Amino acid sequence: MRVIRHKKELHELLGLLRSKGDKIGFVPTMGTFHEGHLSLLRCCRKENNISVVSIFVNPTQFNDKNDFKNYPRDLNKDLQVIEPENPDFVFCPETDEMYPEPDKRVFDFGKLGNVMEGEFRPGHFNGVAQIVTKLFDIVMPNNAYFGEKDFQQLAIITFMVRSLNLPINIVSCPIIRETDGLAMSSRNQLLNPEERKSAALIFQTLSKAVNLQKQHKINELINWVFEQIDSNPLLKVEYFKIVDSIELQPVNNWEAQCNKVGCIAVKAGKIRLIDNIRFNS
Ligand code: AMP
C-alpha cells in the first residue's frame, strides 16, 4: 500500500501501469472507514489488477458549514484500517491540491438533480461532480465503485459519465448494514447513544413498508412511513419518496412499469441520515 498526497505523482504512476496493460479500479471516499467502504474495495480488488482508494473530505459538496466542520476525520486510523485490505494506492490530498483555484463549473443533471437530496441539499451534487471529475481525471480508472447507500449519487454519477462520454465503468455495490439494520455511515458515530438506538427504526420501517406494499396505495404507505418514524421523538423524516430507479421521479401506483426504490432522509438530532430500499412488484 502506497500513500500518495500529490495528484501528479499518482497520475504518472498509474499512467505507467496502464501502459503495461493493468486494469485500474477506483474507490472514492471521504474516509472514516467502515465495512461499507471496505466492501467496495474488496469488490474493486477482485475485478482489477490495481486498486486505488481516495480519502478526501470534499468541501464543495457540503451545503452546511457545520456539517463540513463536524464531519469525522482520522487519516491515521483510516490508513491502519485499510492496510490489511491491500489497496495498491491510497490518495489523500490536501484541499489546495484538489482546488488550487475555486471550481466554478456548474453541472446539469436534468431531472435527477432537482429531487430528494437535490432539493434538500442545494449544490451538493454539483460539488460531488466537481470532485469526482477531478479524481477521474487523475486516476483514469477502468472501473469506479460506488455504494447503493447513496442511491441518488450513484444515479447522478452514472448519468454524468454517460453524458460526458467518460470511458469509465461505474460499478454499484450493495448497502452494508449494522446488525440492527442501520445503514453503515461515517456519520453514525456522531449520534449519541439514544439517537443511535432510535436510528434502527429507519430500516425497520422501510423493511415493514416493503412487506405492506400489497395492502396500501403508494401515498398511504408513504404517510405510514412518516408516522412510524416521526413517532420517535428523536427522529424527524425530511423526505420519503418512492421513485423509479433510473430517473428518480415519484411513482404514483404500484402497477407502473419500472423498478421502484424508496429513498429516505431522516434527522436524528442534528445528524442527517439517508437510506433506501427496493420495492419489487
Ligand atoms: P463516503 O465516504 O460516505 O463518501 O462514501 C464513499 C463510498 O462508500 C460511496 O460510494 C458510498 O455510497 C459508499 N458507502 C457508504 N456507506 C456505505 C454502506 N453502508 N454500504 C455500501 N457502500 C457505502
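Is E12 exposed, partly exposed or buried? I looked this up in the predicted model, and E12 comes out as partly exposed at 46% relative accessibility, where buried means under 20% relative accessible area, exposed over 50% and partly exposed in between, with a 1.4 Å probe and protein chains only.

Before going on, I noted that residues are numbered from 1 along each chain as its sequence is written. I also noted that in this predicted model local features need pLDDT of at least 70, that side-chain atom pairs count only at pLDDT 80 or more while totals for chains, interfaces and linings use all residues, and that side-chain values use heavy atoms, with hydrogens and water left out.

I then looked up the partner of E12, which is K8, and found a salt bridge whose closest N and O atoms are 3.2 Å apart; the term stands for a side-chain nitrogen of Lys or Arg within 4 Å of a carboxyl oxygen of Asp or Glu. K8 and E12 are four residues apart in helix α1 (residues 7-19), so about one helical turn separates them; a helix here is a DSSP run of H or I with at least four residues. K8 counts as exposed at 59%.

Next I checked E9, whose side chain meets that of R2 in a salt bridge of 3.3 Å, N to O. E9 is partly exposed at 33%, and R2 is partly exposed at 41%.

Salt bridges with shared partners join E35, R42 and E85 into one network. For the structure I recorded 13 salt bridges.

How values were computed: Helices (H or I, at least four residues) and strands (E, at least two) are DSSP runs, numbered from the N terminus.
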